[in-house]
Amino acid sequence: MMNQLQELEKRLLDDEDEDDTVSIVTNNEWSETIQNLITGNQLSPASSCTSSCSSSMESPPVSSPKKSIVDASTAISEGKNDVALQILTRLGHVVNVSNSSEQRLITYMVSALRSRVNSTEHPLQVLELQSKEHVTSVLNLYEVSPCFKLGFMAANLAIIEAVANHPSNKLHVIDFDIVQGGQQYLHLLHALATKKTDNYKPISLKITAITDCIDERVKAIGNDLITLANKIGVCFIFNGISCKITDVTKEKLGVENDEALAVNFAYKLYRVPDESVTTENLRDELLRRVKRLSPKVVTLVEQELNGNTAAFVARVKEACGYYGALLESLGATVDEMGRLKIEEGLSRKIVNSVACEGRDRVERCEVFGKWRARMSMAGFGPRPMSQLIADSLLKKVNSGPRGHPGFTVNEQNGGICFGWLGKNLTVTSAWC
């Protein structure tokens with residue numbers, strides 16, 4: 001009886017997830033239901049609500065697209081793929097990728113959930129994340145979105161600040177994904193060109209790029225950096241090294257004793273497998289090995305998204321909130337042609353983070369609180385970034401051609417957070 005009363009109350013009062021459609025129950029139905037409960041009869045089929053009965057195999061009508069996405073993910077988690085596909089089919093009839101950012105989000109989420117059901121597609125999706133087209137799309141995102149671009153700049157400021165008082169003029173930066181962050185070092189070279197030590201001797205910069213293989217993209221980035229350094233008068237050395245995580249040592253990386261060492265993790269660690277994927281736990285292994293290098297500073301730039309160990313349905317909700325805000329911010333600042341190219345990459349990221357599991361799920365983002373715990377366990381202590389840095393970066397947001405008052409920059413718990421309308425999208429932090 002209590003279960004049935006709660007079910008009836010839910011039908012009368014349920015308005016979750018911004019859904020303004022409330023089930024209508026007439027006085028006669030209310031009286032009949034109460035009478036049935038008193039006499040011990042079950043609720044009649046006419047008075048039962050399909051959308052709230054877990055035993056039903058029929059999908060509910062589309063009232064709120066976001067709620068329907070959650071309903072579909074719940075059905076998948078319960079093994080009811082046929083119910084999920086019915087919901088997704090209905091959603092496909094009411095959304096259009098060419099419309100609002102919310103409509104585009106729902107379109108990408110529908111695609112991700114369909115891929116979840118069809119698990120045979122997952123290996124192909126992993127290969128797509130490694131394609132030249134995807135890398136180009138992501139680099140465009142990093143360049144045009146203030147939330148990502150300023151994350152790189154904040155890391156540069158943390159590096160320059162950490163090595164400012166080093167007795168030598170040699171700065172050595174180790175980067176574990178130069179292909180993703182090559183633009184960062186163009187900005188760093190310009191910043192170093194304006195910096196002078198007390199004796200006016202220019203600071204020299206050496207970058208060691210660690211990668212699985214030295215391909216044409218790595219070589220091209222190195223050549224671009226060398227060309228710029230020669231043009232602006234910065235002494236610069238670029239080394240590309242093919243190195244496994246288990247081989248990360250001072251000797252392998254060519255670290256010299258008189259160098260000020262900085263290690264940069266910009267949008268890298270979330271793609272390194274952790275303890276939830278393999279017992280090797282390469283994510284923590286890499287951090288421990290970097291700690292042994294005794295760097296002056298380690299910079300960490302990551303998306304603020306709980307997409308690693310969260311349960312499937314929770315991960316879907318997280319993806320909706322995060323990518324919904326990101327798509328909206330792009331729509332407000334980027335022309336349609338540029339936005340479409342970037343969203344092609346975002347759609348692949350959404351599919352991988354939602355549809356895949358195990359080693360196939362490359363996209364394993366974590367929120368700043370989890371990164372702080374992980375860095376602490378590896379032996380690092382925080383190197384707080386000040387509100388002054390946040391304020392200076394906020395000025396850049398407002399002064400640039402893509403500036404918009406919707407972007408937010410603030411210091412939280414020692415990190416600099418970049419977001420859209422109060423929703424944090426990326427966080428830069430420094431450690432030593």
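Tutor: Let's start with helix α4, whose buried residues are Val83, Ala84, Ile87, Leu88 and Leu91; buried means under 20% relative accessible area with a 1.4 Å probe, protein chains only. This is a predicted model, where local features need pLDDT of at least 70, side-chain atom pairs count only at pLDDT 80 or more, and totals for chains, interfaces and linings use all residues. Residues are numbered from 1 along each chain as its sequence is written, and side-chain values use heavy atoms, leaving out hydrogens and water.

Student: Within what arc do the buried residues of α4 fall, seen down its axis?

Tutor: The arc is taken from the directions from the helix axis to the C-beta atoms. The buried residues of α4 line one face of the helix, because they fall within an arc of 130 degrees.

Student: Which helices do those buried residues of α4 pack against?

Tutor: Contact here means heavy atoms within 4.5 Å. By that rule, the buried residues of α4 pack against α3 (65-77) and α5 (101-117).

Student: Is His172 buried or exposed?

Tutor: His172 sits in strand β1, residues 170-175. Its relative accessible area is 0%, so His172 is buried.

Student: Which side chain makes a polar contact with the side chain of Asp274?

Tutor: Asp274 lies in the loop between β4 (260-266) and α12 (282-292). Among the residues Asp274 touches are Arg283, Glu366 and Arg374. A polar contact is a pair of N or O atoms within 3.5 Å, one able to donate a hydrogen and the other to accept it, and residues adjacent in sequence count only if both atoms are side-chain atoms. At 2.7 Å, the partner is the side chain of Asn308.

Conventions:
Helix = DSSP H or I, 4+ residues; strand = E, 2+ residues; numbered from the N terminus. Buried < 20%, exposed > 50% of the residue type's maximum accessible area, 1.4 Å probe, protein only. Lists of a residue's contacts leave out its neighbours within four places in sequence.
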